[in-house]
Amino acid sequence: MNESELIRLYSENIRRFRLSKKLTQERLAERAGITSAYISEIENQKKVGKFETIASLANALEVEPYAL
């Protein structure tokens, strides 16, 4: 799996987990301590984020970071 495929999978997983929890991008952003614009960029494969961001998102989505 190459880098672009990993980014696509990561982006899709964030969106899938968010929707399964019935969270808006805004609510997920509040829980993770980042902006909703940043969530949008992640879901649209424009950003990935630092490890701390990934850990915050995983915590906000109540999943392990490796699940993302």
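**A walk around a predicted model**

Hi everyone, let's begin with Tyr66, which is exposed at a relative accessible area of 74%. For that word, buried means under 20% relative accessible area, exposed over 50%, and partly exposed in between, with a 1.4 Å probe and protein chains only. This is a predicted model, where local features need pLDDT of at least 70, side-chain atom pairs count only at pLDDT 80 or more, and totals for chains, interfaces and linings use all residues. Residues are numbered from 1 along each chain as its sequence is written, and side-chain values use heavy atoms, with hydrogens and water left out.

Back to Tyr66: it lies in the segment after helix H4 (51-61). Helices here are DSSP runs (H or I, at least four residues), numbered from the N terminus.

You will find Lys22 in the loop between H1 and helix H2 (25-32), exposed with a relative accessible area of 75%. As background, most residues other than glycine have a negative phi.

Now to helix H1, residues 3-20, which holds Leu9. Leaving aside residues up to four places away in sequence, Asn13 touches Ala67 and Leu68, where contact means heavy atoms within 4.5 Å.

Leu9, by comparison, is partly exposed at 34%. Together with Met1 and Leu6, Leu9 forms a nonpolar patch on the surface, with about 310 Å² of accessible area. Patches are made of residues with over 30% relative accessible area and no salt bridge, and nonpolar side chains (Val, Leu, Ile, Met, Phe, Trp, Tyr) are joined within 5 Å, like charges within 9 Å. A salt bridge is a side-chain nitrogen of Lys or Arg within 4 Å of a carboxyl oxygen of Asp or Glu. The areas come from the Shrake-Rupley method with a 1.4 Å probe.

Last, the rings. Arg16 lies over the face of Phe17, 4.6 Å from the ring centre; the test is NZ of Lys or CZ of Arg within 6 Å of the centre and within 35 degrees of the ring normal.

Notes. Helices (H or I, at least four residues) and strands (E, at least two) are DSSP runs, numbered from the N terminus.
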